Each structure stands twice: as structure tokens, then as C-alpha cells.
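Welcome, and thanks for taking a look at this one with us. Below is a short briefing, grouped by topic, to read alongside the sequence and the model.

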Amino acid sequence: EVNDAVFSQKVLGDGAAILPSEGKVFSPVDGEVSALFETKHAIGLTSSEGVELLIHIGIDTVNLQGKYYTAYVQNGDTVKRGDLLISFDKDAIEKEGFETITPVLVSNTADFESVQMRKEGTVQAGDDFLMIR
């Protein structure tokens with residue numbers, strides 16, 4: 001349902017999208033930062049169980065070239081579930097005309113039997129919203 005074919009057609013993997021209520025991205029897993037994009041609009045994590053996640057903050061936000069984003073981690077850092085990874089100025093990004101919907105994708109979906117949404121509606125940081133088997 002994301003307004004971008006790359007995400008809605010699951011080109012980069014299956015997952016879920018979050019419409020953030022505030023400009024903060026917390027780690028959904030214990031693991032390692034495997035890719036922090038220079039523009040800070042996206043981050044890759046590899047969980048301790050081998051799940052590769054891509055968290056992409058907004059649609060076409062790469063065009064902001066890092067404006068409005070602050071990263072609190074870097075490539076290779078170990079993270080724990082609930083750690084603050086990135087903050088962003090949600091209002092400023094939306095004023096520039098960009099959506100802040102945030103796809104959270106399992107980029108190695110093919111390595112698993114299934115990736116399903118576990119919870120719909122409002123989720124809080126720390127909630128399990130994906131089930132990966």
C-alpha cells in the first residue's frame with residue numbers, strides 16, 4: 001500500500017510500513033548496523049538471528065541529501081532493540097512535499113518461510129509488528 005512501486009511490489013523484500021507519529025527510528029532488533037546511507041534516510045540492520053532489515057524513512061527522501069536527519073549510530077555498530085538509530089524532522093520533511101511513511105523490509109525474505117504483519121494499527125517502539133519464520 002506504499003505509494004512507491006519499489007516498496008509496494010516488494011522489490012526490496014517483504015515487510016510493513018509505519019506512518020510515524022514522531023521523528024524517531026528505534027532498532028526493532030538486537031544486531032548490527034550493516035548499512036547507514038550517507039543521506040541518513042535509510043539504514044540496514046542485521047539481527048543476531050540473521051534477519052536483514054532495511055528501514056527507509058520516507059518516499060524519495062534520498063533527494064533531501066541528509067537534510068533533516070541525524071544518525072546516532074554508524075556502520076558496524078552493535079545495537080540493542082529499542083536503541084535510537086535516527087531522528088528526523090517529520091514536519092520539515094512533509095513541508096518539503098515528501099511522505100514520511102517508513103517501510104521496514106526484510107531484505108533477505110527468500111531465506112525465510114514467511115514474513116507477515118503481526119500487528120496492525122497503532123504500534124509503539126518495542127512492539128513486535130512482524131512475524132518472520
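## An enclosed strand and its surroundings

Strand β8 (residues 84-88) is largely enclosed by the rest of the structure, because four of its five residues are buried, where buried means under 20% relative accessible area, exposed over 50% and partly exposed in between (1.4 Å probe, protein chains only). Strands here are DSSP runs of E with at least two residues, helices are runs of H or I with at least four, and both are numbered from the N terminus. This is a predicted model, in which local features need pLDDT of at least 70 and side-chain atom pairs count only at pLDDT 80 or more, while totals for chains, interfaces and linings use all residues. Residues are numbered from 1 along each chain as its sequence is written, and side-chain values use heavy atoms, with hydrogens and water left out.

**Partners of β8**

- β8 pairs with β2 in the antiparallel sense over three bridges; two strands count as paired if DSSP finds at least two bridges between them.
- Within that pairing, Phe 26 has Leu 84 of β8 as its bridge partner.
- Strand β6 (residues 69-71) is also joined to β8 by three bridges, and the two run antiparallel.
- Here Tyr 69 stands opposite Phe 88 of β8.

- Strands of a sheet pair through backbone hydrogen bonds, either parallel or antiparallel.
- Five bridges link β1 to strand β9 (residues 102-106) in the antiparallel sense.
- Ile 18 has Thr 102 in β9 as its bridge partner.

- Gly 23 sits in the loop between β1 and β2 (24-26), and with a relative accessible area of 14% Gly 23 is buried.
- Setting aside residues up to four places away in sequence, Gly 23 touches Ile 86, Ser 87 and Phe 88; contact means heavy atoms within 4.5 Å.
- Gly 23 and Ile 93 are 70 residues apart in sequence, with 9.9 Å between their C-alpha atoms.
- Thr 100 belongs to the loop between α2 (90-95) and β9, and Thr 100 is buried, at a relative accessible area of 1%.
- The side chains of Thr 100 and Glu 94 are joined by a polar contact of 2.8 Å. Such a contact is a pair of N or O atoms within 3.5 Å; within protein, one must be able to donate a hydrogen and the other to accept it, and residues adjacent in sequence count only if both atoms are side-chain atoms.
- Beyond its neighbours within four places in sequence, Thr 100 is in contact with several residues, including Ile 18, Phe 88 and Ile 93.
- Lys 40 lies in the loop between β3 (31-36) and β4 (42-47) and counts as partly exposed, at 28% relative accessibility.
- Again leaving aside neighbours within four places in sequence, Lys 40 is in contact with Ile 57, Tyr 69, Thr 70, Ala 71 and Ile 86.
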